[in-house]
Amino acid sequence: MPDTTPEAATAGIDTSRPHPARMYDYFIGGKNNFAADRETAEKMLVAAPGARTGARENRAFLGRAVRYLVEEAGIRQFLDIGTGLPTNNSVHEVAQAIDPAARVVYVDNDPLVLAHAQALLRSSAAGRTAYIQADLRDPAAILADPVVRETLDFSQPVALMVVAVLHFIPDEDNPAEILATLLDALPSGSYLVASHSTAEHAPRAMSAGVSAYRSGGVTLRLRDSDEFADIALTGLRVVPPGVVPVSEWRPESNGPHPSAAEVATYGAVGYKP
Ligand SMILES: C[S@@+](CC[C@H](N)C(=O)[O-])C[C@H]1O[C@@H](n2cnc3c(N)ncnc32)[C@H](O)[C@@H]1O
């Protein structure tokens, strides 16, 4: 019988150190995480008890943004960088439920995501999904990758998704330039979907959270809304309601939403004119 345990799927992967993809998976209730991830995630929850809410609200934002792009903006192609581990609301699931012909390329630099990528590749027959292991900090390599070129048609609009990944890119890696390189390669009519952790509404809790991540060897660079907008939205037309906590981006219910301090994550969608 094939060994389908997470341990078997991750042979050769260092599970003794926490990893952001697996910590996020733990926050949103997934099963692809290990003791080291859970330990650091629990430290984060002590420091910032809203972290789980923030992660879940972020995931829901991702789903609403994809639905908006397919239903209202006519987008059929997605380049999703910093995909995370397969869970609910994957980009192709949301997009292909509306148009089975939608195409998605997933990109992540975590070998564990690669080990589980089969689940991301269950495309509808009419559409396509593909996965490449690559680093957001090398946008030229992503753009030149033959799988990306074969799956997406760069003469047609593409939605670039960088959801909950920019805060892993320190200033010295120049996230604004990375995004400019990626967006330059997309035709007018394309979109950017981005979200970013912030300490703006809960400085003390989030700075303790950053320390909890650092204790596990993971560096986070939180940014305020202006910094986020400078990096992600320069040259784009920001889709209403603008740069808001992810829970406030076109929410589907009128019920009460978690506070900005709990969510601690900005989201925005930009249109490339
Ligand atoms: C918090 S998860 C977000 C998952 C998904 N985008 C979402 O919002 O639900 C961040 C993901 O970004 C990936 N990541 C972090 N740094 C990256 C980099 N430099 N290049 C590519 N992926 C990266 C991690 O491996 C992880 O899977």
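This is a predicted model: local features need pLDDT of at least 70, side-chain atom pairs count only at pLDDT 80 or more; totals for chains, interfaces and linings use all residues.

Visitor: OK, so how far is the ligand nitrogen from the backbone of Gly82?

Guide: A polar backbone atom of Gly82 and a nitrogen atom of the ligand are 2.6 Å apart, which means that the pair falls within the 3.5 Å cut-off for a polar contact.

Visitor: And what do the side chains of Arg59 and Asn109 do there?

Guide: Arg59 places a polar side-chain atom 2.8 Å from an oxygen atom of the ligand, while an N or O atom in the side chain of Asn109 is 3.3 Å from a nitrogen atom of the ligand. On its own the ligand has 600 Å² of accessible area, and the protein covers 97% of that.

Visitor: How many residues surround it, and which are the closest?

Guide: The ligand is surrounded by 21 residues, of which Tyr24, Arg59, Gly82, Asp108 and Val163 are the closest. Sorted by class, the shell holds 10 nonpolar, six polar and five charged residues.

Visitor: Which helix gives the largest share of that shell?

Guide: That is helix 4, with three residues. Helix 4, spanning 51-71, and helix 2, spanning 20-27, each provide at least two residues of the shell around the ligand.

Visitor: Let's stay with helix 2 then. Why would you call it largely enclosed?

Guide: Helix 2 is largely enclosed by the rest of the structure because seven of its eight residues are buried. Those buried residues are Pro20, Ala21, Arg22, Met23, Asp25, Tyr26 and Phe27, and they pack against helix 3 (35-47), helix 4, helix 6 (111-115) and helix 10 (203-215). After helix 2 comes Gly29, which has a positive phi near 90°.

Visitor: What about helix 5, which residues are buried there?

Guide: In helix 5, residues 91-98, the buried ones are Val91, His92, Val94, Ala95 and Gln96. Their cover includes helix 4 together with strand 1 (77-81), strand 2 (103-108), strand 3 (128-133) and strand 4.

Visitor: Changing topic: where is His167 found? Also, is it buried or exposed?

Guide: His167 belongs to the loop that runs between strand 4 (159-163) and helix 9 (175-184). With a relative accessible area of 5%, His167 is buried, since buried means under 20%.

Visitor: What does the His167 side chain reach?

Guide: The side chain of His167 reaches the backbone oxygen of Ala164 at 3.3 Å. If neighbours within four places in sequence are left aside, the contacts of His167 are His196, Ser197, Thr219, Leu220, Arg221 and Arg223.

Visitor: You mentioned Ala164. What is its phi near?

Guide: Phi of Ala164 is near 55°, which is a positive value in a residue other than glycine. Ala164 lies in the loop between strand 4 and helix 9, and at 18% relative accessibility it counts as buried.

Visitor: And what is phi like at Ala264?

Guide: Ala264 is not a glycine, yet its phi is positive at about 50°. The residue is located in the loop between helix 12 (260-263) and strand 8 (265-271), where it is buried, with a relative accessible area of 5%.

Visitor: Which residues does a cis peptide bond join?

Guide: A cis peptide bond, with omega at about 10°, joins Pro240 and Pro241. Pro241 has its place in the loop between strand 6 (237-238) and strand 7 (244-245).

Visitor: Now Ser188: where does it lie? And what is it in contact with?

Guide: Ser188 lies in the loop between helix 9 and strand 5 (191-197), and it is partly exposed, with a relative accessible area of 49%. Apart from neighbours within four places in sequence, Ser188 is in contact with Pro157, Lys272 and Pro273.

Visitor: Last thing, confidence. What pLDDT does the protein chain average?

Guide: The chain averages a pLDDT of 92, and 96% of the residues score at least 70. Over residues 1-5, however, pLDDT stays under 50, and for that stretch the model has one contact beyond four places in sequence.

Conventions. Residues are numbered from 1 along each chain as its sequence is written. Side-chain values use heavy atoms; hydrogens and water are left out. A residue is near a molecule or strand if one of its heavy atoms lies within 4 Å of it. A polar contact is a pair of N or O atoms within 3.5 Å; within protein, one must be able to donate a hydrogen and the other to accept it, and residues adjacent in sequence count only if both atoms are side-chain atoms. Accessible areas come from the Shrake-Rupley method with a 1.4 Å probe; for residues, only the protein chains shown count as cover. Helices (H or I, at least four residues) and strands (E, at least two) are DSSP runs, numbered from the N terminus. Ala, Val, Leu, Ile, Met, Phe, Trp, Tyr, Cys and Pro count as nonpolar, Asp, Glu, Lys and Arg as charged, and the others, Gly among them, as polar. pLDDT is the predictor's confidence in each residue, from 0 to 100. Contact means heavy atoms within 4.5 Å. Buried means under 20% relative accessible area, exposed over 50%, partly exposed in between (1.4 Å probe, protein chains only).
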